[in-house]
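Here is a short report to read alongside the structure.

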2 protein chains.
Amino acid sequence: MQVHESTTVATLADLRVDGARLWDSLMQLAQIGATDKGGVCRLALTELDREARDLFIAWAKEIDCSVRIDAIGNIFARRAGLRDDLPPVMTGSHIDTQPTGGKFDGNYGVLAGLEVLRTLADANVRTLAPLEVAVWTNEEGSRFVPVMMGSGVFAGAFTLEHALEQRDREGVSVGDALASIGYAGDSGKPHAVGAYLEAHIEQGPVLEAHDTTIGVVQGALGQRWYDVTVHGMEAHAGPTPMELRRDALLVAADLIHAVNRIALDHAPHGRGTVGWLDVHPNSRNVIPGRVTLTVDLRAADDASLTEMDAALRAACATAGEKTGIQVDVEQVVYFPPQPFAADLVAAVQQGADMLGFSSMGVISGAGHDAVYLARVAPAAMIFVPCKDGISHNEIEDARADHLEAGCNVLLQAMLNAAQTAEGTAA
Amino acid sequence: MQVHESTTVATLADLRVDGARLWDSLMQLAQIGATDKGGVCRLALTELDREARDLFIAWAKEIDCSVRIDAIGNIFARRAGLRDDLPPVMTGSHIDTQPTGGKFDGNYGVLAGLEVLRTLADANVRTLAPLEVAVWTNEEGSRFVPVMMGSGVFAGAFTLEHALEQRDREGVSVGDALASIGYAGDSGKPHAVGAYLEAHIEQGPVLEAHDTTIGVVQGALGQRWYDVTVHGMEAHAGPTPMELRRDALLVAADLIHAVNRIALDHAPHGRGTVGWLDVHPNSRNVIPGRVTLTVDLRAADDASLTEMDAALRAACATAGEKTGIQVDVEQVVYFPPQPFAADLVAAVQQGADMLGFSSMGVISGAGHDAVYLARVAPAAMIFVPCKDGISHNEIEDARADHLEAGCNVLLQAMLNAAQTAEGTAA
């Protein structure tokens, strides 16, 4: 089985990425939109985004990648394979950031992919299947919704037309923004993908809490998001005795507890969060007449998520019964749980084991481009720890040795998948 | 004991106010700043306030009252007594409103007082002590704080200078606003008051719930107001397992329940309200990192209020212990409980009984000008029901027969106090 031509390494298992080069590239990219507090503000399809895209493409061309840009602005940097008709083994992530974002979220996945290609180029290794590094448009959703827009269009989660007509707060459409930065690419259909791997900082505290270097991501939690409205009766805090009140905030407090309990009832993967809450009229000496709040429920399997949905609706139905307070609940988002491909997850685990890194199976609580890619190709992810689990924050930080370790696992898993590609295409 | 000279009524107990005239005056005053929804928007010291003040003074002069305006803009319309050296028996309230206020809050107390004087003028009754109707400046506090500004200055709760330098959101000072509407009056010191009575809509649901016409107000609840801050840790709702969270809103929910329980533990007069709550960063999929909220505790006696204060502080100290969340609590306002004068309360009760109205002892949960006046004179209040207990709202409503009944009780109680005045001055 010939999977590479190499003049510089004895075996592929001995290949190692250049951690310092990866770090330097991360720091160089982080200069574009750098904030005073050490973070990055580089919203999707802005001039800063264009500058970052241009830099990535320049780097990719230095190692003789071909570059394609599609109609939603996704960039695919391709290192040809020995069998270039095979579907590519793809990796990638995004380089747009939150308004007060960090240097690593998304950027790490893109530059880890670039570092894998650089390493192969240096070693003159040519895989059987082609390799691609994707830069997905507008993953963050800070300027345009929906989030994970580029990968969503690529995977058919929603249409290109729908995405192009979305507008930011100033009324600029995605289509116009793409054109203005010169990244409205060809209208070709999404191409087949042999396998998709994505390296990412964990954005949570689990790996750090377990002092573990590699998170072998088994899949992504399903999500149900809700808008809840509690209809009480606004009244003066002074003259209204406790027994005659219809206090919407008191019922909301019951619901906050219920959401927490529902998540704990579905441990270890259940999550329940009330992240947004608004009180009307929000006046110190007025009993709250109306409270609106959001609920975010997540679970690893759909049966659990369905149970959690029923428990939430039951809690809303009974919370206001004593005081005649009505609670309306409306589901606004549903992402099904997304297990990753067993073979590809095994390849990640194997890479971590072979390289001698501590590792543990984890599940992604957040959405990632890989979750959409999993709808059209075998997909998996590699997590590395981030400091204090903090992300979407200018103080987001990660250790260079962890980033290098994740990149080496990505390299091995991609080589592994490229070997598998030979089998399927042979 | 000569307390009146009269040619038209046999005894003072037979005197009755003109309910239709009272209603008409209320409706006429409500035209000044009338809103589309049937309410009134007449903020303190605006041109509309000036117009309403001018109308009141014109009405007072029609019945030969003398009018004095003091340095904070309080208006005193005086009907001379037979012994004009005696301290006046005073009534009154305010004619400024909330931005979306009603026709009755404050206005009723002022026009009920005017109706009492009109009734006495019609009947040619002259009391021993002089009678005064006060219009207190800026009771609502919607444009300028502190609330109950005019009566607060009069009673020495804070200084005239402090009040005059307060500014609205546009930067206009109380002093300048008074001057611009021509109501910066004389700098004479507050005069002695023989007794103070105030009629007011209840602004709560108790009288209506008990189908009772007259609330004989025993006093006002003491109040302690707090600002509370819950310091959690902001984190992603997805990747952060339940057991590693420091959710500030979950702790706030505990506090909302604690405030409710503390009030119920001090039934029937204990009140506990979280009226204002702010979540940071208030994002659907971010665990709340910080919650700020207000607490409003009220009780009829200071011992209860002190116990409630201790219970709140204990709840704040323990709420975040499990998760290492710090809770800061700061008291920002303290009004001591204010019992009203027993003799004057008895006079109100006697008036209601004599007139055959259903009545019950109640306590004022809200602050009123009478609460400050009680610091410098014997004071009491008369409550009448308002529809559904709703106030500070354009749909605030009250029945004409209830307003007339309260006014007749005020008349009798004022006559009673004027008789007492003879005794004290004799």
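## The interface and a helix pair

Across the interface of chain A and chain B, the rule finds 2 salt bridges. Please keep in mind that this is a predicted model. One of the bridges joins Asp227(B) to Arg284(A), with the closest N and O atoms 2.7 Å apart.

Now for the interface as a whole. Chain A and chain B bury about 4,500 Å² between them, and 61% of that area lies on carbon and sulfur atoms. As for residue numbers, the contact takes 52 from chain A and 52 from chain B.

Helix α1 (residues 19–30) of chain A packs against helix α3 (residues 107–122) of chain A at an angle of about 135°, and their axes are 10 Å apart. Angles over 145 degrees would count as roughly antiparallel, so α1(A) is oblique to α3(A). Their crossing is right-handed.

| Helix | Residues in the contact |
|---|---|
| α1(A) | Arg21(A), Leu22(A), Ser25(A), Leu26(A), Leu29(A) |
| α3(A) | Asn107(A), Tyr108(A), Leu111(A), Ala112(A), Glu115(A), Arg118(A), Thr119(A), Asp122(A) |

Sorted by class, the contact of α1(A) with α3(A) has 6 nonpolar, 3 polar and 4 charged residues.

Technical notes:
Residues numbered from 1 in each chain as written. Chains lettered and ligands numbered in written order. Predicted model: local features only at pLDDT ≥ 70, side-chain atom pairs only at ≥ 80, totals over all residues. Heavy atoms only, no water. Axes fitted to C-alpha atoms, helices over the stretch in contact; angles between N-to-C directions. Helix = DSSP H or I, 4+ residues; strand = E, 2+ residues; numbered from the N terminus. Parallel < 35°, antiparallel > 145°, perpendicular 65-115°, else oblique. Left-handed = near helix turned anticlockwise from the far one by under 90°. Contact = heavy atoms within 4.5 Å. Nonpolar A, V, L, I, M, F, W, Y, C, P; charged D, E, K, R; others polar. Buried area = accessible area lost by both parts, 1.4 Å probe. Salt bridge = Lys/Arg side-chain N within 4 Å of Asp/Glu carboxyl O.
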